[in-house]
Amino acid sequence: MNPTEASMDALRHVGDELADATVATLFERGEVGTFNTLMRYVSTAGSPLPDGLPEVAREYLHVTSAPPSWVDWGEMEKARLFFIDNNVHISTALSFAAMPACYLVPHVARLLSATHGLKYPSKRMAETGQFTVYLMRPDAFEAGGRFVPAAQKVRLLHASIRHHLRREDRWDVGTDGVPICQEDMIGGQMFFSMLVLDSLHRLGIHMSSEGAEAYFYAWRVVGAMLGVDQDAVPKTLDEARRFLDLYMIRHMGPSSEGVHLTRQLIDLYEEVVPGTFFDPIVSALIRHLVGDTCGDWLEVPRTPWDTVVKAVPHLLGVLETIEDRSPLGAWALDRLGHLTTVLELSSLTRGRVMHYAIPEHLKKDYGLPTGPPHTRRWTPPAATVSP
């Protein structure tokens, strides 16, 4: 697969036919409120669907209740073990590289501003963190697992955003394509997989090709369950690199929404970090992972910690040496990583389970004024995995 400008342009005008039709019917029949109320009680796979659930929703949930038939469960287990071994690093990459990358795409930043509002960044981060944790549990796809219902709801959430923005004429389809189009869905999949792997490499984490490929594979499965066109999605890391490079060159640039969302992200994590002495490390990590050009676009503050953060790979190298040489050390570090991830998620959710509901309305004061056009420039990062 070799993506081109023409193939990417075609993907900008395609949404998700199944989810879009389901959401359109729910709104036409005035059944969105009923759906949201009843689906709060459906949080695990295999649970009986409640009486009174709209029939169109029942049909959708039946069709999307199983993972793709082509899933290699051996690869999924490798991905889970890779996540366990690197959960703190992956959480760091998701928070300080993948999310800022979303803010670096102006039309995506505008969309996030509209759909989640500018006042609730913790909700965005909590939903992303919870979704990833659900995916990497041993029972993710089994009866009693929480991932499948979460994926079903997120897919409908995306469709509802497309529905609102197009129906209310609040989106320039001619310029920006369909909201949450196939190109953007695949781009998001690349941010949460390929870009995370890039960030681990930048942090000095030693990864096997096998582990990196398994982690990328797991997000291919996620993409399939979220309605991504499997004929268009990259199948290998090399294909993913080509797609990600072209996507970034096509779309990345500064925007006032991106700056605002990034400031919220920094403020949010500075509240999570105990005390104030270590607050600047949040900005330093973002700048380290996205680079100075992108950091400047997002107006990430420069701090004395920018230099300190460059020593992180050396510190992580010491920890990896302990892990490699001591089974007890490996267990302790994995356990510490798990507890750190749980603590971070607990801080973001404030102990609540996040529900992925269909929004009946979008915020009315959508969008911030955008500045003058800028030239978009981006330099592809170094290779993803270490030999």
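Mentor: Contact means heavy atoms within 4.5 Å. Keep in mind that this is a predicted model.

Trainee: Fine. What covers the buried residues of α4, then?

Mentor: The cover includes α2 (17-28), α3 (32-39) and α9 (147-167).

Trainee: And which residues of α4 are buried?

Mentor: Helix α4 runs over residues 55-63, and its buried residues are Val56, Ala57, Tyr60 and Leu61. Seen down the helix axis, they fall within an arc of 135 degrees, so they line one face of α4.

Trainee: Why would positions spaced like that point the same way?

Mentor: An α-helix has 3.6 residues a turn, so residues three or four places apart point the same way.

Trainee: What sits on the face turned away from the buried side?

Mentor: On α4, that face carries the exposed residues His62 and Val63.

Trainee: Switching to α13. Is it enclosed or open?

Mentor: Largely enclosed by the rest of the structure, because 14 of its 17 residues are buried.

Trainee: How far apart are its end C-alpha atoms?

Mentor: They are 25 Å apart. At 1.5 Å a residue, α13 (residues 209-225) should span 24 Å, so the two values agree.

Trainee: What comes just after α13?

Mentor: Glycine 227 does, with a positive phi of about 90 degrees.

Trainee: Now the whole protein. How many helices and strands?

Mentor: It has 20 helices and zero strands. Buried residues make up 57% of the 387 residues.

Trainee: What about the surface?

Mentor: The accessible surface is about 17,400 Å², and carbon and sulfur atoms account for 57% of that area.

How values were computed. Residues numbered from 1 in each chain as written. Predicted model: local features only at pLDDT ≥ 70, side-chain atom pairs only at ≥ 80, totals over all residues. Heavy atoms only, no water. Helix = DSSP H or I, 4+ residues; strand = E, 2+ residues; numbered from the N terminus. Expected span 1.5 Å × (residues − 1). Buried < 20%, exposed > 50% of the residue type's maximum accessible area, 1.4 Å probe, protein only. Areas by Shrake-Rupley, 256 points an atom, 1.4 Å probe, with all protein chains shown as cover. Arc of directions from axis to C-beta.
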